[in-house]
2 protein chains.
Amino acid sequence: MQHYFTNLKLSENEEFIISDDIAHHFLSVLRSKNGDKFEIVDQNHNLFVAEITNSDDKLAKTLKQRHNEVELPVDVTIVCGLPKKEKSEMIVQKATELGVNHIIFVSTDWSIAQWKNNKVDRKLNRLNKITRSAAEQSHRNRIPYVSYINSISELLNNNFDHKLIAYEESAKKGEHSDLIKSFKNTNEKDSVVCLFGPEGGISPAEVNKLVDNGYVTCGLGPRILRTETAPLYFLSSISTWFDLLKV
Amino acid sequence: MQHYFTNLKLSENEEFIISDDIAHHFLSVLRSKNGDKFEIVDQNHNLFVAEITNSDDKLAKTLKQRHNEVELPVDVTIVCGLPKKEKSEMIVQKATELGVNHIIFVSTDWSIAQWKNNKVDRKLNRLNKITRSAAEQSHRNRIPYVSYINSISELLNNNFDHKLIAYEESAKKGEHSDLIKSFKNTNEKDSVVCLFGPEGGISPAEVNKLVDNGYVTCGLGPRILRTETAPLYFLSSISTWFDLLKV
């Protein structure tokens with residue numbers, strides 16, 4: 001069943017006007033008719049099955065609310081040093097499928113890629129469209145949001161319950177339990193952030209600044225992962241721990 | 001340090017001729033000189049630090065053997081229904097970073113993509129180059145190999161200790177412990193295979209055939225993953241379990 005998001009607040013058996021985006025996709029592209037059903041998530045992340053009641057007027061009606069548990073039980077933010085080329089698009093698409101709630105791109109000391117100031121808005125706009133589309137496809141109840149900060153110092157204004165740095169040097173030294181230790185100390189609803197360096201890695205100065213502010217370095221297994229693979233490993237690990245193991 | 005593979009069998013303090021590929025990359029592209037060091041993995045998956053002794057004659061010499069534990073303690077095969085576009089390239093690159101040993105692409109009942117017979121060799125050639133390059137970059141001791149089979153029936157000729165199907169229907173029904181159950185029953189050195197459907201999914205006939213031959217369906221968490229994301233989740237899960245947790 002198709003899965004869409006709306007900014008409306010909905011309840012069961014409520015008629016509503018579908019947005020132009022949904023109308024375009026569900027009515028024009030997929031040629032759906034009156035009585036055809038779809039899933040819709042409202043502004044409060046509540047999921048309803050709905051059906052088209054009058055396709056000419058773009059009218060639909062919610063039927064039953066569905067209580068599905070598709071979101072990670074922890075609130076995960078990933079912070080990615082600006083990667084090269086289109087890797088940012090790949091990261092946000094896959095991270096959305098894997099359950100992230102917030103993706104922050106950050107310019108770091110050793111970032112080779114740079115986002116020019118006058119292009120940041122356009123890039124974020126595009127990336128936030130990708131998260132919406134990926135959230136629809138993976139049938140999530142939340143659309144992650146993508147933002148941008150100029151430096152790691154700005155990150156220190158944000159509060160998180162658990163703060164991690166995926167650090168290659170930890171992996172090289174054979175460290176392989178700090179991630180699990182952190183998971184063991186994490187409770188449902190806690191917020192977790194993990195930072196990933198760009199292709200060039202994170203500078204020692206940046207690592208020190210983060211560690212001074214409560215961040216903990218951790219390895220992601222013994223193999224060297226590319227900058228765009230590491231966050232996907234991390235999110236899959238979190239899901240393995242909190243969706244599969246803790247049940 | 002750069003990391004390369006050779007088909008030679010090496011021991012410590014042994015002079016050898018580097019291959020044209022390595023010479024091109026290490027000497028011509030990176031402009032390395034006599035005395036510059038690199039890592040080289042021999043045909044027995046043994047890793048040595050080596051140094052260039054005579055760049056004109058492409059001569060090098062092994063120094064110390066390094067006993068690094070970078071390979072997954074289990075022998076993992078992934079079988080992927082033919083995906084669309086360049087997704088096969090992304091899968092083999094990322095799966096190599098994540099520790100896979102063998103990647104099999106298979107034409108399934110509902111595969112939209114098809115590999116024409118006269119193009120299979122060229123495609124495999126290209127994909128096997130990608131695994132080599134990704135294995136170098138992630139500093140592995142093994143290069144995974146990529147192969148192709150015409151149907152799921154051919155897969156049944158292969159023996160594995162643990163046989164899984166990543167099955168969306170399991171995920172939708174809220175099943176989320178069969179993967180962990182399988183991990184718990186898996187010992188070091190065991191062989192594990194997991195099959196992933198293409199965009200269209202696996203047909204019920206195929207699932208039945210596999211289940212009749214000892215395959216077990218399992219979910220990969222509550223979110224719907226794309227065909228190219230599911231194997232990366234699976235491999236990250238395996239690494240979390242066998243590299244990080246079981247230590």
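Predicted model: local features only at pLDDT ≥ 70, side-chain atom pairs only at ≥ 80, totals over all residues.
Figure 1. Lys116(A) belongs to the loop that runs between strand S7 (102-106) and helix H3 (120-137) of chain A. With a relative accessible area of 58%, Lys116(A) counts as exposed, because exposed means over 50%.

**Figure 2. Chain A and its helices and strands.** Taken along the principal axes, the box filled by the C-alpha atoms of chain A is roughly 60 × 45 × 30 Å. Chain A has 247 residues, and 53% of them count as buried. Take the contacts in chain A between residues at least 6 apart in sequence: 75% of these join residues at least 24 apart.

**Figure 3. The surface and charges of chain A.** About 11400 Å² of chain A is accessible surface, and carbon and sulfur atoms account for 43% of that. Look also for the charged side chains of chain A: 31 are positive and 33 are negative, and the centres of the two sets lie 4 Å apart.

**Figure 4. Ser236(B) and the residues it touches.** Our last stop is in chain B, where Ser236(B) sits in helix H8 (residues 230-245). Is Ser236(B) buried or exposed? Ser236(B) is buried, because its relative accessible area is 1% and buried means under 20%. Leaving aside residues up to four places away in sequence, Ser236(B) touches Leu232(A), Tyr233(A), Ser236(A) and Ser237(A) of chain A, along with Leu98(B) of chain B.

Definitions and conventions. Residues numbered from 1 in each chain as written. Chains lettered and ligands numbered in written order. Heavy atoms only, no water. Helix = DSSP H or I, 4+ residues; strand = E, 2+ residues; numbered from the N terminus. Buried < 20%, exposed > 50% of the residue type's maximum accessible area, 1.4 Å probe, protein only. Contact = heavy atoms within 4.5 Å. Areas by Shrake-Rupley, 256 points an atom, 1.4 Å probe, with all protein chains shown as cover. Lys, Arg positive; Asp, Glu negative; His and termini not counted. Charge placed at Lys NZ, Arg CZ, Asp CG, Glu CD.
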